[in-house]
Amino acid sequence: MRRVVITGAGTVNPLGLSVNQTFAALRAGNTAIGALDIPDLERLSVRIGAQVRGFDPETRLSPRQISLCDRFAQFALVAAQEAVAQAGEGALAPGAGVVLGTAGGGVASSEAAYRAVFADGSARVHPFTVPRLMANAATSHLSMAFELRGPSFTVSTACAASNHAIGLAFHMVRSGAVPVMLAGGSEAMLSFGGIKAWEGLRVLSSTGCRPFCATRDGLVMGEGAGVFVLEERDRALARGARVLAEVVGFGMTADAGDIVVPDPAGAEAAMQAALDDGGLNGSDIGYINAHGTGTMVNDRSECSAIRKVFGSGAERIAISSTKSLHGHLIGAAGAVELIAVLLALGEGVIAPTAGHRTDDPECALDIVTHQARAASVGAALSNAFAFGGLNAVLALKAA
Amino acid sequence: MMTKAEVIAILSAQSGVPAASMTAETLISDLGLDSLGLVETIFALEERFGVTIPFNANTPQDDSAFDLSTVAGIVSGIETLIARPAAA
């Protein structure tokens, strides 16, 4: 069976406009969560979030790309530019494809169109409303920008979308179907309507994201994108590419239970499946980038599932939720969190869970809090457990 | 006249062709607009003048449709639409 490595990484997220900026913020444990600055904020009851700041598409994209792309697709294009540049000459091939995750697609574009015709009484919406809002827009723009004509599609599995996308791309390269793929995810839901919809579920925090803390009171929304070059290992080595990490396993399961409440059995099965797919033992895992949303039901369910999978060994695994730093990027969550996994595997730095105040006895695992921890990590898991009970777990090894 | 100058300004912004080089006789087909550019141009004209321009991308040659072949055709079409009662 072929081995699959990551040879390029790119991102736009609240912590930074590149992987290096993101690494620096993850090391420092600096949270990007703060007061939101969006139109109609006064009509929202939740007014904090993790926004991408300083994003300047004019310097990175053509006028036509900007006109055709919603913010979520612009994020993906800029992240992909960085990933492809890092992967270097000859990384891409015409047979390569793109798999991206998103939960909402062009939320702001849909919202602007509805606002125009319903609220403002306009006779028309922008002519590019459909190509902007469609969930596959980011995937298609990456395909066009890099002339990739292989298997390309978008997966939309809420908070697990990026992990599903990366996992499917991994399986396609491992099977030999394609030599190289772009994979990741993108989300831009920090608009009035996007936040108003989440407010309705009563799961958002107004105070900050404190996963695994006894005082946690909900999730905080973020936005951004992460894109990776997944490449067959021998091909990458032959062209002298730098290997950032090896993707070794992918597990996906469904709870078949509740539309919003997670079942620990589904999370447990997904983690076990990722270990089995990668030929790993539980004792190989040194770090878990948790789904860790900061909601009580997720955090307790996830910790219970980790105990089931790893037994007494669970307590020696370092765990952190970087959502406390970059917020919950929904369909882009797994992609941006994979950058924290690359930091752990490649540089031996485990990014912390920020904002921790008090231990929760029901989450009594080795939660890395406050400050980054130096550790030699040979293998790691990255968890994503979506609304709708759809679970996707990636297993990676150090290069 | 104002309408002509504003139509030329919109065509110039969409196509990148300098406004100073356009006249009433300029052919729209010479501006290098692709199909998306043409649709975006029509949207900009509609927004600016508060009119609805009849245009279907599937039947661009339709005789009864708005004359999009020249600057003068667009200007005269818009002036006709502006003069017409809004109920149409």
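Is D217(A) buried, partly exposed or exposed? In this predicted model, D217(A) counts as partly exposed, at 36% relative accessibility, where buried means under 20% relative accessible area, exposed over 50%, and partly exposed in between (1.4 Å probe, protein chains only). Residues are numbered from 1 along each chain as its sequence is written, chains are lettered from A and ligands numbered from 1 in the order in which they are written, and side-chain values use heavy atoms, with hydrogens and water left out. Because the model is predicted, local features need pLDDT of at least 70 and side-chain atom pairs count only at pLDDT 80 or more, whereas totals for chains, interfaces and linings use all residues.

The partner of D217(A) in a salt bridge is R210(A), with the closest N and O atoms 3.7 Å apart. A salt bridge is defined here as a side-chain nitrogen of Lys or Arg within 4 Å of a carboxyl oxygen of Asp or Glu. In contrast to the partly exposed D217(A), R210(A) is buried, at 4% relative accessibility. Over all chains, a search of the whole structure finds 20 salt bridges.

Another of these pairs joins D299(A) and R216(A), whose side chains meet at 2.9 Å, N to O. This pair links distant parts of the chain, 83 residues apart: D299(A) belongs to helix α11 (residues 296-310) of chain A, and R216(A) to the loop between α8 (192-201) and β7 (224-232). Helices (H or I, at least four residues) and strands (E, at least two) are DSSP runs, numbered from the N terminus. Both partners are buried, D299(A) at 0% relative accessibility and R216(A) at 10%. The two residues also belong to a network of salt bridges that links R216(A), D299(A), R300(A), D360(A) and E362(A).

A salt bridge is likewise found between R115(A) and D40(A), with 3.0 Å between the closest N and O atoms. Here too, distant parts of the chain are linked: R115(A) lies in helix α4 (residues 107-119) and D40(A) in the loop between β2 (34-35) and β3 (48-49), 75 residues apart. R115(A) is partly exposed, with a relative accessible area of 34%, and D40(A) is also partly exposed, at 21%.

The interface between chain A and chain B was examined next. About 800 Å² is buried between the two chains, with carbon and sulfur atoms giving 55% of this area; buried area is the accessible area (1.4 Å probe) that two parts lose on being put together, summed over both. In chain A, the most area is lost to chain B by R64(A), R124(A) and P127(A), which together account for 63% of what that side buries. Nine residues of chain A and ten residues of chain B take part in the contact, contact meaning heavy atoms within 4.5 Å.

Three salt bridges are found across this interface. One pair is D34(B) and R64(A), whose side chains meet in a salt bridge at 2.8 Å, N to O.

Within chain A, A96(A) is placed in the loop between α3 (71-87) and β4 (97-101). This residue is buried, with a relative accessible area of 0%. Leaving aside residues up to four places away in sequence, A96(A) touches L148(A), R149(A), G150(A), V180(A) and M181(A). S152(A) stands 56 residues from A96(A) in sequence and 8.5 Å from A96(A) in space, C-alpha to C-alpha.
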